[in-house]
Amino acid sequence: MAVYYTAVCREQVILTDYCPDESADDTSLAEVVHKMLPSVAALAGQSNRHSFDFASYRLHCLFSGKVAFILVSDASYSVTSAYQFLKQVSQKFSSGTLPVRAENATEFQFNYEFQPVLQKLLTDFAKAVGGITKVSMQVEEVKQVMLDNIEKALERGENLEKLNETTTLLEENSSQFRRTSKKVNRKFWCANMRMTILIGAATLAVLVLIIVILVVELK
C-alpha cells in the first residue's frame, strides 16, 4: 500500500506536485499524470471525484471547479484514505489566494509556496494512517487471540463432555459390577449353606448309625 505522487492541476497544467519517494523519478510520474490530464479534465464535469487505473498506477482525483487534486498510488491503497487526504489538500489550497491565481498560473508555478504544504500534509497523513493501521493490526491480534481462546474452550468443553461420558460409563459398569457381585455372593452363600446342611445331615446320620450299633451290641 503505497503513495507515489500528488499534484494540484488546472485542466492540463500541473500547478504544483510532490513525490514522497526520493528514489522515484517524479518527472516520469508527472509525465504519467500529464498523459491522463485530458481524461481527468473530461471527468471534472461529471462528478466531484473519480478513481481509475493507468498502467501500474491508480489515480484518485478530487475536483473543485477547474482545479483537480490528484493522488497517485498503487491499486491496494484505500480509496477512502486517498479522498480524505485530497480533501485536506483542497482545504489548504482554497484557504488563500491560490484558487484565484490558479486561473492564469503556469506549469509548476506554485511549487515554491505549496509543495512544502503537500509534503507536510502527506507526511502527517501517512503517520496517521500508519497509526490506524497499527491499531487495526493490534485489534486483529486481539481478535485472533480471542478466537484461539474460544476454540480451546470449545476443545476443553468437548474433552469435558468425553470425560463425563467416560465417568458415566464407569459408574454404570460399577453398578453392574456391584449387582453381579451381590448375585455371586448370594450364589456362593446358598452353595455354602447347602454344603453345611449336607455335612450336618451326614454327621447326624453317622451318629445315629453308631448309636444303633452300640444299642444292638449291648443287648
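Strands S1 and S5 (residues 67-73) run antiparallel and are joined by seven bridges; strands here are DSSP runs of E of at least two residues, helices are runs of H or I of at least four residues, and both are numbered from the N terminus. Two strands count as paired if DSSP finds at least two bridges between them. One point of this pairing can be found at Cys9, whose bridge partner in S5 is Ala68.

The model is predicted, so local features need pLDDT of at least 70 and side-chain atom pairs count only at pLDDT 80 or more, while totals for chains, interfaces and linings use all residues. Residues are numbered from 1 along each chain as its sequence is written, and side-chain values use heavy atoms, with hydrogens and water left out.

S1 spans residues 3-10, and seven of its eight residues are buried, where buried means under 20% relative accessible area with a 1.4 Å probe, counting protein chains only. S1 also pairs with strand S2 (residues 13-18), in the antiparallel sense and over five bridges. Val8 stands opposite Thr16 of S2. Two residues separate S1 and S2 in a hairpin, and Glu11 in its turn has a positive phi of about 50°.

Strands of a sheet pair through backbone hydrogen bonds, in either a parallel or an antiparallel way. Here the sheet is open, has five strands in the order S2-S1-S5-S4-S3, and pairs antiparallel. S2 and strand S3 (49-54) are at the edges with a single partner strand each, so one side of each has no neighbour in the sheet. From one strand to the next the twist averages 20°, with axes taken as lines fitted to C-alpha atoms, for helices over the stretch in contact, and angles running from 0 to 180 degrees between N-to-C directions.

On the S3 side, six bridges join S3 to strand S4 (residues 57-64), and these two run antiparallel. Asp53 has Arg58 as its bridge partner in S4. Helix H2 (residues 79-94) packs on the sheet and touches S1, S2, S3, S4 and S5, its direction making about 40° with that of S4; contact means heavy atoms within 4.5 Å.

The chain as a whole has four helices and five strands, which follow one another from the N terminus as β-β-α-β-β-β-α-α-α. Of its 219 residues, 26% are buried. Among contacts between residues at least 6 apart in sequence, 56% join residues at least 24 apart.

Methods. Buried means under 20% relative accessible area, exposed over 50%, partly exposed in between (1.4 Å probe, protein chains only).
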